[in-house]
Amino acid sequence: MKVEMYYTPGCSACLARHDELRTAAEAAVSGLEWQDVNVLDNIDRAVDRGVLTLPAIVIDGEIAFTSMPTVNQLRKTLIQRSGRGA
Amino acid sequence: MGLGSLDPGVYFRVQNTCGETGMFTIGKLAVQTGVSNDTLRYYEQENLIQPTAKSPAGYRLYDRDSTRRIHFIKHAQACGFTLAEIRELLTLRGRDKACCGDVRARTIEKKLQIESKIRAMKAMSKALDQLIADCANETQPVTECTIIAALEQVNLSTQVQ
């Protein structure tokens with residue numbers, strides 16, 4: 001499973017809970033790949049994924065969160081999706 | 001009501017008050033900013049601007065910060081921001097704890113939205129190109145027009161993508 005977090009440097013909402021979310025995500029799904037994507041360097045990719053607000057979290061190419069989720073929200077979504085894919 | 005419809009005596013008194021306090025009426029604000037009185041009143045309804053004071057006769061009075069706010073609104077609109085988004089930017093502008101990074105993030109979000117719209121518009125333009133190309137014979141009767149036939153197809157949107 002691949003998680004992309006779209007952010008922009010200096011965005012306080014993007015920094016909030018980032019480390020906590022990443023740690024929780026990696027603990028929830030084994031082999032999870034986490035990638036931080038700077039929107040300014042990847043505008044086309046962000047538009048491809050449907051990212052219109054920041055921060056945004058994309059899971060396996062699909063936009064899952066258009067604002068920063070809580071740790072529980074992210075964990076729940078990841079576990080559901082990992083069950084769906086199994 | 002524009003200043004032109006005021007009693008000249010009232011007009012003189014309002015102008016005089018403004019001269020002493022460095023404030024001016026909605027009409028003068030409109031002239032300074034190139035925005036109509038109606039639009040300024042709409043901005044007021046939308047909480048984008050507020051009169052600094054009222055004259056003894058009850059006329060709205062504005063100061064130089066109002067002029068700056070109007071220019072801010074106009075520039076932001078020219079960059080694609082909606083009035084609701086501009087209200088948020090103005091709030092950030094006046095908030096001590098806000099930093100430039102927050103404003104920058106809003107600006108990047110606006111760019112993402114515009115890039116997304118450009119992409120959608122390009123797809124529409126491409127779909128129109130296809131319709132135009134498919135209609136090679138413009139002398140055909142309208143009942144045989146391939147563009148009309150294509151637009152009537154239920155699954156056109158999947159065909160043109």
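**Strand order and a helix crossing**

Reader: In what order do the four strands of the open sheet in chain A lie?
Author: Happy to start there, with a predicted model in which local features need pLDDT of at least 70, side-chain atom pairs count only at pLDDT 80 or more, and totals for chains, interfaces and linings use all residues. Residues are numbered from 1 along each chain as its sequence is written, while chains are lettered from A and ligands numbered from 1 in the order in which they are written. Strands are DSSP runs of E with at least two residues, numbered from the N terminus, and two of them pair if DSSP finds at least two bridges between them. With mixed pairing, the order in chain A is β2-β1-β3-β4.

Reader: Which are the edge strands?
Author: Look for strands that pair on one side only. In chain A these are β2 (33–38) and β4 (62–65).

Reader: Which residue of β4(A) is the bridge partner of V58(A)?
Author: Strand β3 (residues 56–59) of chain A pairs with β4(A) in the antiparallel sense, over three bridges. The β4(A) partner of V58(A) is I63(A).

Reader: Are α2(B) and α4(B) parallel or oblique to each other?
Author: Helices here are DSSP runs of H or I with at least four residues. The axes (lines fitted to C-alpha atoms over the stretch in contact, with angles from 0 to 180 degrees between N-to-C directions) of α2 (residues 26–33) and α4 (residues 64–78) of chain B come within 10 Å and cross at roughly 45 degrees. Under 35 degrees counts as roughly parallel, over 145 as roughly antiparallel, 65 to 115 as roughly perpendicular and the rest as oblique. The two helices are therefore oblique.
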